[in-house]
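Me: I am new to this protein and would like to learn how to read it. Could you take me through it one feature at a time?

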Amino acid sequence: MEVTVRPATRADVDFLTTVVIEATLHQGRLPDDFDEVDYRAGFGAWTAEQVDGDGSGSSISVVEVDGEPAGRLRVVRRGGLVEIAGLQLLPDHQSRGVGRTVVDGVLAQARADGLPVELGVEKDNPRARAFWERCGFAYVGEDEGEHRMRLR
């Protein structure tokens, strides 16, 4: 299995939106009143802005497995810090080592740059928090919706 990460383009916006919806649905975390049309419009517009470089240190990438789109990665670099601001995979690619491969690449680059790595994980997503702990992250605090974690 070959895992690659490439910069997203405008042509990827629909896929990037779909992967977030499918991953969240698979986790059982979409609210009962979820409006997919409205979400696609808003998230798609925001993603297009990010792809166009309007995200002040933010980069959006497509995770590919054997040349096929499989996920989304968003990394923000600013203020001497790397933040993994989003990693979602289509359900068929979860629990197969794809996410860990992607994270290892981000961490290797951060180490080479001498930068600490942090992230936020939604409080209603214990499976994601366990993944990040396995990757070496530890709880450092929280806000209203997220646990904040930092690479040990």
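This is a predicted model: local features need pLDDT of at least 70, side-chain atom pairs count only at pLDDT 80 or more; totals for chains, interfaces and linings use all residues.

Me: Which residues of α3 are buried?

Reply: An α-helix has 3.6 residues a turn, so residues three or four places apart point the same way. In this helix, the buried residues include Val98, Val102, Val103, Val106 and Ala110. Looking down the axis of α3, you would find its buried residues within an arc of 165 degrees, so they line one face of the helix. Turned away from that buried side is a face that carries the exposed residues Arg111 and Ala112. After α3 comes Gly114, which has a positive phi, near 70 degrees.

Me: What do I look for in a nonpolar core, and how many residues does the largest one have?

Reply: In soluble globular proteins, nonpolar side chains tend to be buried together. Here the largest nonpolar core has 24 residues, and Leu73, Ile84, Leu87, Trp132 and Phe137 have the most contacts inside it. At least two residues each come from β2, β3, β4, α3, β5 and α4. The largest share, six residues, is supplied by α3.

Me: Which residues does Trp132 touch?

Reply: Leaving out residues up to four places away in sequence, Trp132 touches Ile84, Leu87, Val103, Leu119, Val121, Phe137 and Met149. There is also a second, separate core of nine residues, with Val19, Val20, Phe43 and Val62 among them.

Me: Next, the hairpin. In which sense do β6 and β7 pair?

Reply: Strand β6 covers residues 137–142 and strand β7 covers residues 146–151; the two pair in the antiparallel sense over five bridges. Three residues lie between them in this hairpin. To see the pairing on screen, find Ala138 and look across to Arg150 in β7, which stands opposite.

Me: How many salt bridges does a search of the whole structure find?

Reply: The general idea is that side chains of opposite charge can pair when their charged atoms come close. In the whole structure, the search finds 13 salt bridges. One of them joins Glu64 and Arg6, with the closest N and O atoms 2.8 Å apart. This pair links distant parts of the chain, since Glu64 is in strand β2 and Arg6 in strand β1, 58 residues apart.

Me: Is Glu64 buried or exposed?

Reply: Buried means under 20% relative accessible area. Glu64 has 14%, so Glu64 counts as buried.

Me: Where is the pair of Arg29 and Asp124?

Reply: Arg29 sits in the loop between α1 and α2, while Asp124 sits in the loop between β5 and α4, 95 residues apart. The closest N and O atoms of their salt bridge are 3.1 Å apart. Arg29 is buried at 17% relative accessibility, whereas Asp124 is partly exposed at 45%.

Me: Which residues do shared partners join into one network?

Reply: Glu83, Glu118, Glu146, Arg148 and Arg150 are joined in this way by salt bridges.

Notes. Residues are numbered from 1 along each chain as its sequence is written. Side-chain values use heavy atoms; hydrogens and water are left out. Two strands pair if DSSP finds at least two bridges between them. Helices (H or I, at least four residues) and strands (E, at least two) are DSSP runs, numbered from the N terminus. A nonpolar core is a set of buried Ala, Val, Leu, Ile, Met, Phe, Trp, Tyr and Cys residues joined through side-chain atoms within 4.5 Å. Buried means under 20% relative accessible area, exposed over 50%, partly exposed in between (1.4 Å probe, protein chains only). Contact means heavy atoms within 4.5 Å. A salt bridge is a side-chain nitrogen of Lys or Arg within 4 Å of a carboxyl oxygen of Asp or Glu. The arc is that of the directions from the helix axis to the C-beta atoms.
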